[in-house]
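Open the structure in your viewer and keep the sequence beside it. The tour goes from the whole chain to single residues.

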Amino acid sequence: MARDYYQTLGVSKNATEDEIKRAHRKLARQYHPDRNPGDKQAESQFKEVQEAYDVLSDKTKRAQYDRFGEAGLGAGFRGGQAPGGPQFHWGTGPGGPGAGFQQVDPAEAEAMFRQIFGGGGGEPFDMDSIFGRRGRGGRTRRPEPPAQETESEVTIPFVTAALGGTVNLQLDGRELAIKIPAGALEGQVLRLRGQAPGGGDLRLRLRIEPHPYFRREGKNLVLDLPLSVSEAILGTKVDVPTLDGSRLTVKVPPGTSSGTRLRLRGRGIAGGDQYIEIRVVVPAPKDERSRELIEEFARLNPLSPRSGPPWD
């Protein structure tokens, strides 16, 4: 059954890039395996969300999908697999006449050449004479054309791209173990020698899944740290998660404001750092007494946050 990628992300067909990005971020967090351990349905939903975002976030793919549906996307890897592998078409198609070729049975090929070039009268039809291959008459073999490169995409987990690891892919009925280097980047290409159909090289372009909590800035990682007003004013200690699953105790100094970053050296990607970005969560006063206490605190601790340009 044809899938509706817009319905998967819960957006309209006229959705903007920002609307698609926001919908994807929300659903990726909701169905991420880290939040739903052992939940196969959530895992399936997460993969569908990733596949829909991969298409709708790419202007070219989205235009092809809007015009032709899934058939307009062509061959390639989805969700880390390559169903059927790269495909080639005989005749006309989206790429125009002669866009590609499909393997043809030798007997069918001979019948087609008989129809085009003749060769009736019951005499054997000499395919070698057409293609110049060496035969009994001493004809020389034409050099084989160089194997063509093929490029496809594969989506890998954020943690695998950051820390390195191995992903398994199915290609033409074969399982390949692909080694991902630590610090792999979005759009980076890995070349697999001789793995494309026909013996050519396979260029594998990497797409990286977003992480539900961490953001990447080059080799650095950023993690938001929500604090209450009292924690931000008085200071506190927080056990902070890191990408490898461990936790570090971080001391937040008194008077820390939203937007402040605290650094964990060497806890980023390939020698980078991890930053903790403070987000102060401010409640509304629940009663008159609470309001009086806040007003008294403001009198005792005067502050002019809008001093200097452009507020002067």
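What follows is a list of stops, each with something to select.

**Before you start**

This is a predicted model, in which local features need pLDDT of at least 70 and side-chain atom pairs count only at pLDDT 80 or more, while totals for chains, interfaces and linings use all residues. Residues are numbered from 1 along each chain as its sequence is written, and side-chain values use heavy atoms, with hydrogens and water left out.

**Stop 1: the whole chain**

Select the protein chain and colour it by secondary structure: there are 9 helices and 11 strands. Helices (H or I, at least four residues) and strands (E, at least two) are DSSP runs, numbered from the N terminus. Now switch to a surface. The accessible surface comes to about 20700 Å², and 50% of that belongs to carbon and sulfur atoms; such areas come from the Shrake-Rupley method with a 1.4 Å probe, and for residues only the protein chains shown count as cover. Of the 312 residues, 30% are buried. Buried means under 20% relative accessible area, exposed over 50%, and partly exposed in between (1.4 Å probe, protein chains only).

**Stop 2: two helices**

Select residues 40–56 for helix α3 and residues 59–68 for helix α4. At what angle do the axes of α3 and α4 cross? They cross at roughly 100° and come within 6 Å. Axes here are lines fitted to C-alpha atoms, for helices over the stretch in contact, and angles run from 0 to 180 degrees between N-to-C directions. The two helices are therefore roughly perpendicular, a label for angles of 65 to 115 degrees (under 35 is roughly parallel, over 145 roughly antiparallel, and the rest oblique).

Show side chains next. Asp54, Val55 and Leu56 in α3 meet Lys61, Arg62 and Tyr65 in α4, where contact means heavy atoms within 4.5 Å.

**Stop 3: the sheet of three strands**

Strands of a sheet pair through backbone hydrogen bonds, either parallel or antiparallel. In this tour two strands pair if DSSP finds at least two bridges between them. Find the open sheet with the order β1-β5-β4 and mixed pairing. Its edge strands are β1 (150–156) and β4 (189–192), each pairing on one side only. The twist averages 30° from one strand to the next. Select residues 202–208 for β5, which runs parallel to β1 and is joined to it by 7 bridges. Thr155 stands opposite Arg207 in β5.

**Stop 4: the sheet of four strands**

Move to the open sheet ordered β6-β7-β11-β10, also with mixed pairing. β6 (214–217) and β10 (261–264) are the edge strands. Strand β7 (residues 220–228) runs antiparallel to β6, and 4 bridges join them. Select Arg215 to find its bridge partner in β7, Val222.

**Stop 5: a hairpin**

Select β8 (residues 236–241) and β9 (residues 247–252), which pair in the antiparallel sense over 6 bridges. Asp239 stands opposite Thr249 in β9. The two strands form a hairpin with 5 residues between them, and Gly245 in the turn has a positive phi of about 100°.

**Stop 6: two backbone details**

Which residue has a positive phi although it is not a glycine? Select Ala270, with a phi of about 50°. Ala270 sits in the loop between β10 and β11 (274–281), and at 47% relative accessibility it counts as partly exposed.

Finish at Pro309 and Pro310, which are joined by a cis peptide bond with omega about 0°. Pro310 lies in the segment after α9 (288–300).
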